[in-house]
Amino acid sequence: MNNTIPLLSVQNVSLSFKQSRHHQVHALKNISFSIKQGEIFGLVGESGSGKSTMGRAIARLVTPQTGSIKLETRELLCKMTSKERLDSSRDIQMIFQDPMSALNPKWTVMQMLLEPLHIHQGKLPKQEKEDTVFTMMQQVGLDPAFANRYVHEFSGGQRQRISIARALMNRPKLLICDESIAALDLSIQAQIVNLLKSLREQFNLSMIFISHDLSMVHYISDRIGVIYKGDLLEIADADTIYYHPQHDYTKSLLHAIPKITLV
Amino acid sequence: MLNKFTLVPKAPWPTDQVITQENLYKRAWKLLRKDPIALTSLILIAVLIISALFAPWIAPYDPNEQMLSKPLSQPSPQHWLGTDEFGRDILSRLIFGARISMSVALGSQFIVSIIGFWMGLIAGYMGGKIDRIISFIIQIFASFPYLLFAMALIFVLGPGLLNLFLALGLLSWAGTARVVRAQVMSLKHREFVDASWMMGASHYWIMTKHLFPNVLPSLIVLATMGIPNAIIAEASLSYLGLGVRIPTASWGQMIFAAKPFLQTFPLYSIATGILMMLSVLAFNLLGDRLRDALDPRLSGR
Amino acid sequence: MDKKDIIAKIDNLHIDIKTQAGIIQAVRGVSLDFEAHKTIGLIGESGSGKSMMARTLLGLLPAGGAITSGHIYYNNTPIETYTQRQWRNLRGKEIAMIFQDPMHALNPLMTIGKQLSEAIVISQKVSWKLAKIQALDLLKKVGLEATPERYHSYPHQYSGGMRQRIAIAMALSCKPKLLICDEPTTALDVSTQAQIIELIIKLQKEYGMAILFISHDLSLVSQMADEIAIVYAGRIVEHATTKEIFLQPKHPYTWALLSAIVHFQPKNEVLYTIEGSPPLLINPPKGDLFSYRSEYALDIDFQENPPFFEVSPTHRVASWLQDPRAPSVTMPKLLQKQIQILRSQQEGNFHE
Amino acid sequence: MNVHNIVARLLWSLGVIFIVVSTTFFLLQILPGDPVKLMMGDRVDPVTVEQVREKMGLNKPIIQQYIDFWLKLLRMDFGDSYQLKLPVIDQIQSASVVTLRLAFYSSLIAVIGGLLFGVTAAIFRGRWIDNLLMSIAVFGISTPSFWFALVLQLIFGLWLQWFPISGYQAPGAFVLPAFTLGLRYMSSLARLTRTSMLEVLSSEYLLAAKAKGVGSFRLIWLHAFGNALLPIMTFIGSSLADMMAGAILIEHVFSLPGIGRLTFDSLMSRDLPLLQATVVYLTVISVGIYLIVDFLALFIDPRLRIGGKRNVE
């Protein structure tokens, strides 16, 4: 696959919600950016900036009114037959913010991780499916012996690992991380970030890392887009955004990050 | 003295600390078994259902056999609860009455759960126009004068067991539908639904595989709470003479029949009322305990 | 710590909470002093018991919670055995608290003016009319327009940041001697957070109260705290001045927390982390609970709880590693480099 | 909740009334038994029966009768009842006086009793008061109301003679009926209030109010109660509506000539105009109750009233 075509290209995407009869909220205003193969693209913005909406638009959980989103050559925003939807759903997966609500409380981990295999590789023999589940659990740092446990018996960090395992079962090309560590303790955040970086190499994965925490986004991303009230204000590689920001808003964001002050 | 200050590899956290909880329903069963109130209710319900099923073998006499020689006789070794105005054995009639109450209550509640679940699920999950239409229907059924409509329906369909099922079932699913709809609407926004949709799962898969297991506990509680209401509704209808045809024994009809003898032979009405109350109470108490046992908050960490 | 104007003091406090799953030992022996004009930062992860330590100062333990041993002193009188009525006279008069989630800390059905005046009437024993004037003045002090229209509006008409300002105004209505802030900015955006912190610092200068600031963010707390206490599994593991915590951390858990401060880290280095997650404190094993996750665990850690070792008059560490008999252990290289950078930044400031 | 929502809500309620009344109209047409014959008695020869049917317009096609029905209904003309040949509207009026009084007293018991029981049980959670109140509540919803009415008649009416057991003019005539009808709804409301109250008592703004030093009385009744009331408003509405229909049984046992009794008798004797009128009456009342409850919720909860108008920072 020649690497000139970007893995994901977003062109002039706009999306607005109908909050009440005569009140439109413009969540995304004419956003364009692209992600290369194997790149981690950081999308940073405060609450209400539209960063999650952008993630959900790429995941096709919400449909923008205008613009196009292409995964390599395939357009995602057009009407798809169920077959097309099934195929394209293998390539893009998402992990969410709240580990409590991202997993079905009534399912065991095994059922949770078998679901993607049932849907996409139904024909595989049962034993092979279970083996894939066990190896994937090890790869995300979970003890396979816990496969038959219910979700509520796991800590926040472990649940996020289960979500990551589920997302990677079908070897997606793009992983969308929507505030995936915001709900975790600091020490657990570091574990998950290390895991995501190592998985990127292992699975040759590209990622969109959506967060309000600019320092974490800077640490993990190769390029960063700063979004404010639906507008993509600035895109540059991580260090330029972090050390030599152009836009005033990015500067104010950087300034607001609590610095260690030892008076 | 072993030098206590040597570096040792990390010991794993003692596993008995980690609370391993199995399936929600096994855990609930363990909780219920240990709770005296839940246990007595379960036993009472079991007795009721068994006596309803095997009434002919359990009841000492044929419920309709009239011994005109001794009407309204006081309790005696032969007739533990005495006889009614036609000399029929009250105890046997009560046992056969249980058959009517149980079958109507369980039957109508089964219909209520099915209709209530699907209407609530589709309204809650689909949202938009469909939700508005179904909510409108729910509102209509909720605004029907309930008892009046049961009466009218039975009038149209004629008295009889099956028609009682339908009448009570068709009229009381609105409550269940409303609860299921509210729960599905909150579940729908949970991220595991988005994740499954992104996996390529179909609406049907999400509704049956993801939403149903989460709605089932409250459906069970609603059913357990619905049965006693159905028992009372059936008794009210037969009290008004709209239940099963005379002379079949039904609790409501027996209370109506016992009314004139309230002062002279109060046991007749009291016994029937107490038995009905106990059976309704058993279901209500079981329903309370079930709701706590199946409460996700308790099982969640 | 010499005898300054000690407002409140917790002495070897133990708190247990009876729950469905068993008895949680939320706080397992904590001692802290609160002095006027001084801010203590309490840093810990979820389930470490830091909120319990704060709520017990107001007698607001959750259902099933109880102080099993130890004392709480307020103006040198033990108050851990107070009745609800005695607690009530203390609450909102001399000790005030602001909470984490501004969305739920205000009664949605009452106007913010009424809730503000209520606090004033209770603490100052003044008439409602007078309270209203003071309320408008407080709104101005926390940076909100003091208009009647705002006085009569409802909580849902305000953003998170503005609600937190109202909560702060309510806490200040009684000119408290001790202000407890339980992660007040965690639910807020970075820019709003900076404004709220600035406001709290300004108000402390003006009112001179002691502040207990609870958080999980070390760099945020460094901006306002004179001392920092690191909490793990219901115990204080390290307690020192902010400078000592950042420049001479001694406890492995503090190392882990410092290494997790990302904007400190060079981009391509793997973050130093400790495995596992904070333990659930239902009949926990004896000994130092952190040793189950620490690479520097000693054999004795699994038998006895480490006592506090005085590294300096203002720096105490609860870790057997400080015992002279223990092998000497150095902190991770990455952290040493970061502390060098931090130290040079500090010297740099002095020279300019 | 601006004007648009209120209008939509009204249209919604009118729609419900229209559907319920129409369904009843068609349902009653297929009732077995010929109303005219029932009215005239069996001995009348078929010719006169046909003439009467002609006069009453019962031989017109159903749709025509349906339209006539609505036209008359809009003019509040419910026609004459088959049995007593009196204008239906008068019978409804006299009967509704009894039912409304009964419903008023029983809803008083149900709402005030239920809320008081529920709040007290929640405050003293786990203690003996809580268990006592909740056991009374469980008994309340488990006792079949018509049987309980008989028992009360036996004890208080016949043995103790405190209250009359039937009729509605005598003083105290409404005590037993209102208590029987109200008890069931008081109990279910008490249980619901307790759960909702417990939810509110563990909320953060209550903790914040407590931290402010708010006294326990003020905390319960000013801070907690309002918020606990909101989720149970719809339940109060539906139980009051049920109570109107539930009165049929109680009026039957205590032989009170209310709407419920009228409905029952008209159903038995296939007195269609009277039956139709009672259905309209009951439906309008119950939909009206739902509207009032919605309006009250609007009054209590500013979020509904003022909506999310955010004054930006």
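Tutor: Residues count from 1 along each chain, as its sequence is written, and chains are lettered from A in the order written. The model is predicted, so local features need pLDDT of at least 70 and side-chain atom pairs pLDDT 80 or more, while totals for interfaces use all residues, and side-chain values use heavy atoms.

Student: What makes Asp288(B) and Arg191(D) a salt bridge?

Tutor: A salt bridge needs a side-chain nitrogen of Lys or Arg within 4 Å of a carboxyl oxygen of Asp or Glu. Here N to O is 2.7 Å, so the pair qualifies. The count between chain B and chain D is one.

Student: How many salt bridges cross between chain B and chain C?

Tutor: The rule finds zero there. Still, 15 residues of chain B are in contact with 28 of chain C, contact being heavy atoms within 4.5 Å.

Student: How much area do chain B and chain D bury?

Tutor: About 4100 Å², with 79% on carbon and sulfur atoms. That is the accessible area (1.4 Å probe) the two parts lose on being put together, summed over both. For chain B and chain C, the figure is about 1800 Å².

Student: Why do E11(C) and E12(C) count as paired strands?

Tutor: Strands are DSSP runs of E, at least two residues, numbered from the N terminus. Pairing takes at least two bridges found by DSSP. Three bridges join these antiparallel strands, so they pair. They form a hairpin with two residues between them, and Ser312(C) stands opposite His315(C).

Methods. Helices (H or I, at least four residues) and strands (E, at least two) are DSSP runs, numbered from the N terminus.
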